[in-house]
Amino acid sequence: EFASLSDDINTTVDTLKRYINEASARIDTELEFAKDIQVSALPNVFPAFPKRKDLDIFASMKPAKEVGGDFYDFYMTGTDNLHILIADVSGKGIPAAMFMMRAKTELKTLTESDIPLSEVFTRGNAELCEGNDAGMFVTAWQGDIDLTTGLMKYVSAGHNPPVIKHKDGKFEYLKTKPGFVLAGMEGMKYRENEYQLEPGDVVYLYTDGVTEATNSDTKLYGEERLLEKMNSKEHKSMKELCKSIKTDVDIFVGEAPQFDDITMLAFRYIGTPPPPSIHFDEVKLTDIPVITEFIGSELEKTECSKKTLVQINIAIDEICSNIINHGYVNRTGPLTVKLIIKEETGMIYVRFIDEGIPYNPLTKDDPDITLSAEERSIGGLGIYMVKKTMDEIKYKYEGECNILTIGKVM
């Protein structure tokens, strides 16, 4: 009986071991799927904007477990606004990963609704507080960079200060008073700050998994070592910068286990050179061929078609004639014409800036072309042709100047 009982127990134990191994393998597989889903939710194709020459960006995340609570994000809104974000959810593993996905989606949705960053965090905090029975919270830092001017607006919700480097200077911490963590308390309001980037400046974002990486002697990597490493050499690219820091962290930690997610994002503002332009202190009708020749010679360097070039030249002739004949009545005045080429969108823009009589040609009613020439009122046909041949046309009066911009696909 004892022998039979022993055999039954051994059989049961073997069966339990098999079930445990199968369950463990299934959990490992599911965690691997979860990791793939999390990684795919983060932008991880570099270069991220291959057609843009005005920025360099790279980011990476190394979770402490199969999945983590850190996340980063970057994306464009409009043509020239880049948003960069880094965040750290409290806790680790599956719960942190699920809350991370919720926070990432919420902040991006609010950002794309075109509201101020301070409002993005204020509303995001309110949404994340709802149903947060687990009491999780998020530290986050988000910046909105106008790539045409370099102006960076940013908001912090209890996150580590970013590291900034001027083109000819050293890295230093951008320390401003941070707001409270997201999802930590209802009714919190956040303040938006500004920082002017110059071409060549670098912004480095990170989570505390970098500065709090711990070696076997329980020493922290620390903020001072991070700065020393960043200032120890010039980095040709943001990818090289991030990988250099990650390697240094790994060397420092050695064989000690990784206790926290390690996430970083580096951005270099390259900017764009001023657009080619031509200026006249006192523009005359005889200057119009000079303008069209200037624009034509610049567009020959691009993939602009001959048909597009002809249409742009006709528009230039019409707009300049109106400025000279009607904007400067019985006098002469200055005119600046700028050419702006957006290779990433395939658009050509020509901007006219004059100090003539304030006048928005887009408010004028289109002529009724169904009428005969004798029946139609004089004027309006030229700007009507411009409207019909151009893909975009905008007007504003700013700084006592008329600013008219026409846009055409190459």
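Q: Why does Glu 224 count as exposed?
A: Its relative accessibility in this predicted model is 64%. Exposed means over 50%, so Glu 224 counts as exposed.

Q: How do you know that the buried residues of α5 line one face of the helix?
A: The buried residues of α5 are Leu 226, Leu 227 and Met 230. Looking down the axis of α5, you find them within an arc of 95°, so they line one face. On the other side of α5, Glu 224 and Glu 228 are exposed.

Q: What makes Lys 104 and Asp 73 a salt bridge?
A: Their closest N and O atoms are 3.4 Å apart. The cut-off is a Lys or Arg side-chain nitrogen within 4 Å of a carboxyl oxygen of Asp or Glu, so this pair makes the list.

Q: Which parts of the chain does the Lys 104 and Asp 73 pair link?
A: The pair links distant parts: Lys 104 is in helix α2 (residues 93–111), Asp 73 is in strand β2 (residues 70–77), and the two are 31 residues apart.

Q: Are Lys 104 and Asp 73 buried or exposed, and how do you know?
A: Buried means under 20%. Lys 104 has 12% relative accessibility, so it counts as buried. Asp 73 has 2%, so Asp 73 counts as buried too.

Q: What puts Lys 246 and Asp 250 on the salt bridge list?
A: The closest N and O atoms of Lys 246 and Asp 250 are 2.9 Å apart. The rule asks for within 4 Å, so the pair qualifies.

Q: Why are Lys 246 and Asp 250 separated by about one helical turn?
A: Because both are in helix α6 (residues 238–253) and they are four residues apart.

Q: What makes Arg 52, Asp 54, Asp 80 and Lys 342 one network?
A: Salt bridges that share partners join these residues. By the same rule, the count comes to 13 salt bridges.

Q: Why is Val 249 called buried?
A: Val 249 lies in helix α6 and has 1% relative accessibility. The cut-off is under 20%, so Val 249 counts as buried. Its C-alpha atom and that of Glu 212, 37 residues apart along the chain, are separated by 9.8 Å.

Q: Which residues make the nonpolar surface patch, and what is its area?
A: Val 310, Ile 314 and Met 385 make the patch, which has an area of about 270 Å². Met 385 lies in helix α9, residues 381–389. Patch residues need over 30% relative accessible area, and Met 385 has 42%, which also makes it partly exposed.

Q: What makes the peptide bond from Phe 46 to Pro 47 cis?
A: Omega is near 0°. Pro 47 lies in the loop between α1 (2–41) and β1 (55–62).

Q: What is the phi of Asp 114, and where is Asp 114 found?
A: Phi of Asp 114 is near 65°, a positive value in a residue other than glycine. Asp 114 is found in the loop between α2 and α3 (117–129). With 71% relative accessibility against a cut-off of over 50%, Asp 114 counts as exposed.

Q: What is the phi of Thr 218, and is Thr 218 buried or exposed?
A: Thr 218 is not a glycine, yet its phi is positive, about 60°. Thr 218 is found in the loop between α4 (208–211) and α5. At 64%, Thr 218 passes the 50% cut-off and so counts as exposed.

Methods
Residues are numbered from 1 along each chain as its sequence is written. This is a predicted model: local features need pLDDT of at least 70, side-chain atom pairs count only at pLDDT 80 or more; totals for chains, interfaces and linings use all residues. Side-chain values use heavy atoms; hydrogens and water are left out. Buried means under 20% relative accessible area, exposed over 50%, partly exposed in between (1.4 Å probe, protein chains only). The arc is that of the directions from the helix axis to the C-beta atoms. Patches are made of residues with over 30% relative accessible area and no salt bridge: like charges are joined within 9 Å, nonpolar side chains (Val, Leu, Ile, Met, Phe, Trp, Tyr) within 5 Å. Accessible areas come from the Shrake-Rupley method with a 1.4 Å probe; for residues, only the protein chains shown count as cover.
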